[in-house]
Amino acid sequence: MRTGKDADLSTGLYHLSKSKLPRALVLAGVAFVLASCQAITPPDVQESAFRPSDKPVTVDNVTANNKLAELARAQHPRILATYGGEYSDPKLERMVAKVIGSLTTVSANPTQNYRITILNSPNVNAFALPGGYLYITRGLLALANDSSELAAVVAHEMGHVTANHGLQRQQLEAEEGLATKVVSDVLGDSPTAKVALIRGKLRLAQFSRNQELEADAIGIKSVGEAGYDPYAASRFLQSMSTYTDFRSVSGATDASLDFLATHPNTPQRIELALRHARQFGPPGVGTRDRDSFLAGIDGLLYGDTPEEGYVRGNTFLHPGLGVSFSVPDGFIIDNSATAVTATGPGDMAVRFDGVSVGKDRSLTDYIRSGWVAGLDDASVRQEMINGNEAAIASASAEGWRFDVTVIRAGGQVYRLLTAAPAASTSLDSVARSVGGSFRILSPAEKAALKPLRIRIVTVKPGQTMGTLSAQMVGVDRKLDLFRVLNALAPGATVSAGDKVKIITDK
């Protein structure tokens with residue numbers, strides 16, 4: 001949760017209306033935008049269209065549509081604001097520029113200039129905008145393991161540009177939009193109309209999946225021609241899939257979500273990527289340039305920035321605000337610029353944010369001020385939590401129950417909302433655990449908080465994955481994360497002299 005000039009704590013008001021909030025909480029906690037490509041849309045589209053998106057489309061060609069290029073240039077500051085700004089590291093930038101330079105020489109348009117921006121976001125994402133704007137998050141760089149994998153990601157985005165997918169997508173969306181209006185006007189809400197609309201959505205989804213596969217093919221061809229390992233694309237796709245499973249509360253996936261997904265399902269995509277790579281020869285062809293890549297990411301910021309606070313296992317700590325709270329085991333915390341959310345077993349969710357409330361206004365009066373729908377007025381009560389003034393209440397809405405806890409600390413009011421299905425028996429215990437963990441950090445604790453970074457270490461004789469992962473700090477499930485970050489499959493081992501990534505605050 002960001003503070004200072006980049007945040008407005010008073011804008012975090014949420015309304016407990018029907019079932020939308022629990023769904024939003026759950027999605028906010030587990031949603032992970034996985035290298036999704038970004039779409040450029042007409043100027044009258046809301047700003048949210050430029051947030052991490054499930055539309056895997058970019059738009060170029062700049063010579064074909066200068067207005068789109070102008071729009072992309074205008075959206076660049078919004079992209080920076082959405083993703084935490086630009087991440088500046090000259091060593092890292094030189095490494096990335098080297099990879100892009102190698103790809104440019106073999107691209108379909110070698111005269112195209114590209115402007116690469118490394119975004120200060122832990123999300124794994126990459127996308128492009130008209131006019132050669134390429135974006136890569138530091139989270140993606142942390143997950144990659146060599147220059148060929150980075151090249152595969154960049155070449156994929158260049159592939160969208162080369163194939164001019166964005167303009168094709170815009171045309172099809174316009175056609176489907178017109179068809180939807182005709183269907184609605186003529187057929188109304190009949191079953192026939194619903195079938196027609198579903199078919200339209202399927203066409204768009206299939207079109208997007210085909211674009212992704214085409215961009216993969218173009219990208220792998222460019223990677224191979226540039227002398228990089230063409231099998232890098234399939235490796236990184238597998239790493240992204242593994243990381244997604246790691247981030248999942250249960251580790252399970254829902255195959256039904258692949259049906260209308262804009263990206264092809266990962267196994268299909270990996271198999272097709274391998275097929276394209278085999279055209280260059282058997283595994284081992286091409287260079288990975290691993291040492292250069294690892295040197296470039298050594299010291300890379302990992303996870304949250306100091307301005308947004310830190311997640312350490314099941315605890316959130318914010319040095320700027322000077323506050324902390326914890327969630328029970330089994331919950332996963334997701335920290336964004338506007339709020340902190342956590343999701344756990346049984347569809348439970350927790351949201352934490354701040355709001356401006358006059359110091360003369362009681363917290364019980366604030367809870368009753370109308371922003372909580374379904375409030376049980378009789379449940380509103382005043383409390384003290386670790387020496388801080390607080391108020392607690394209950395609410396319910398269409399199959400969900402809520403615990404609302406507001407706490408005044410250091411001149412600021414903080415809100416902890418816990419949501420659970422109506423049939424759950426864990427709401428009260430979880431809410432009391434989370435609320436009771438809220439506390440003020442001491443000056444020494446605030447001073448001791450440091451950001452986490454990727455560090456490259458050389459494996460010494462006798463060291464194992466267990467001993468290496470034990471060196472990591474500030475992260476949960478250390479051995480599992482060590483395997484994910486270093487793309488080590490179950491059963492794999494490390495040998496003396498190998499270079500590996502660990503997470504530390506040193």
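1. Mean pLDDT (the predictor's confidence in each residue, from 0 to 100) is 78 for the protein chain, and 72% of the residues score at least 70. This is a predicted model: local features need pLDDT of at least 70, side-chain atom pairs count only at pLDDT 80 or more, and totals for chains, interfaces and linings use all residues. Residues are numbered from 1 along each chain as its sequence is written, and side-chain values use heavy atoms, with hydrogens and water left out.

2. Confidence is lowest in helix H1 (residues 20–30), with a mean of 33. Helices (H or I, at least four residues) and strands (E, at least two) are DSSP runs, numbered from the N terminus.

3. Residues 175–188 have pLDDT below 50. Beyond near neighbours in sequence, this stretch has twelve contacts in the model (heavy atoms within 4.5 Å). Residues 202–207 also stay under 50, with 13 contacts beyond four places in sequence. Where pLDDT is low, the predicted coordinates should not be read in detail.

4. Now the sheet. Three strands form an open sheet in the order S1-S3-S2, with mixed pairing. Pairing requires at least two DSSP bridges between two strands. S1 (115–119) and S2 (126–129) are the edge strands; each has a single partner strand, so one side of each lacks a neighbour in the sheet. Neighbouring strands are turned by 20° against each other on average, direction ignored.

5. S2 and S3 (residues 133–137) pair antiparallel over four bridges. Ala128 has Leu134 of S3 as its bridge partner.

6. Helix H3 (residues 90–104) lies across S1 and S3, at about 135° to S1. Axes are lines fitted to C-alpha atoms, for helices over the stretch in contact; angles run from 0 to 180 degrees between N-to-C directions.
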